[in-house]
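Let's take a friendly walk through this structure, beginning with a pair of helices and moving on to aromatic rings.

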Amino acid sequence: MIVIMAGGRSSRMGREKPILRVGGVPMLLRVYYEAEKAGETVVALSRNTPKTRELCLREGVPFFDTPGKGYVEDIKWLLCEFGPFVSVSSDLPFVTTGDIAAVKQAFDSETNLTGVLPLWLVPRDLKPLTYNGYAIVGLNAVGTRGESFFELSNPLLALNVNTPEELRLANRIARLVGR
């Protein structure tokens with residue numbers, strides 16, 4: 001199963017991120033359209049995202065509610081409720097079906113996979129979270145033991161839209177790449 005995480009507080013953005021438009025399409029729908037091509041996909045919501053719930057209802061996107069206590073807590077809850085899954089953030093507007101399928105294929109349903117990009121692939125204007133020579137991206141596999149990095153190659157995965165400036169950048173990129 002693929003779970004799109006869309007229940008966060010969006011504190012840096014100041015408003016619900018999943019419904020914000022990149023290239024004229026709500027980010028959640030951009031991610032959902034790519035994810036559903038890779039397999040069964042559902043959206044994880046919480047009390048923090050009422051407008052995102054409305055979007056899912058209007059568009060017929062399957063969803064369920066998490067406790068909404070925080071990202072780590074919700075991931076743990078999802079693992080207990082549904083077992084191992086692939087997780088993708090709703091604020092990754094340039095994730096592709098191929099990116100998701102690659103993580104899904106590499107996932108053994110046990111070992112956690114953290115999606116990463118080598119820093120040399122990260123466009124210089126982006127400032128992603130980095131660790132040990134990699135940019136950490138919001139595409140992962142959640143298992144029951146261990147952890148491993150999974151190297152991806154799509155440089156636009158380094159753009160996780162968390163701030164108004166990143167939203168403006170995502171829209172500029174969307175105009176350039178035609179997506």
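What follows looks at helix packing and then at aromatic pairs.

This is a predicted model, in which local features need pLDDT of at least 70 and side-chain atom pairs count only at pLDDT 80 or more, while totals for chains, interfaces and linings use all residues. Residues are numbered from 1 along each chain as its sequence is written, and side-chain values use heavy atoms, with hydrogens and water left out.

Start with helix α1 (residues 27-36) and helix α2 (residues 50-59), whose axes come within 11 Å and cross at roughly 50 degrees. That makes α1 oblique to α2 (angles under 35 degrees count as roughly parallel, over 145 as roughly antiparallel, 65 to 115 as roughly perpendicular and the rest as oblique). Leu-28, Leu-29 and Tyr-33 of α1 are in contact with Thr-52, Leu-55, Cys-56 and Glu-59 of α2, contact meaning heavy atoms within 4.5 Å.

Now turn to the aromatic rings. The count comes to six aromatic pairs (rings of Phe, Tyr and Trp, for Trp the six-membered ring, pair if their centres lie within 6.5 Å; planes under 30 degrees apart count as stacked, over 60 as edge-to-face and the rest as tilted). Phe-64 and Trp-77 form a tilted pair, 6.4 Å centre to centre with 40 degrees between the planes. Phe-64 lies in strand β5 (residues 63-65) and Trp-77 in helix α3 (residues 71-82), so the pair ties together parts 13 residues apart in sequence. Phe-64 counts as buried at 14% relative accessibility (buried means under 20% relative accessible area, exposed over 50%, partly exposed in between, with a 1.4 Å probe and protein chains only). Trp-77 is partly exposed at 25%. Together with Phe-82, Phe-64 and Trp-77 form one aromatic cluster.

Terms used: Axes are lines fitted to C-alpha atoms, for helices over the stretch in contact, and angles run from 0 to 180 degrees between N-to-C directions. Helices (H or I, at least four residues) and strands (E, at least two) are DSSP runs, numbered from the N terminus.
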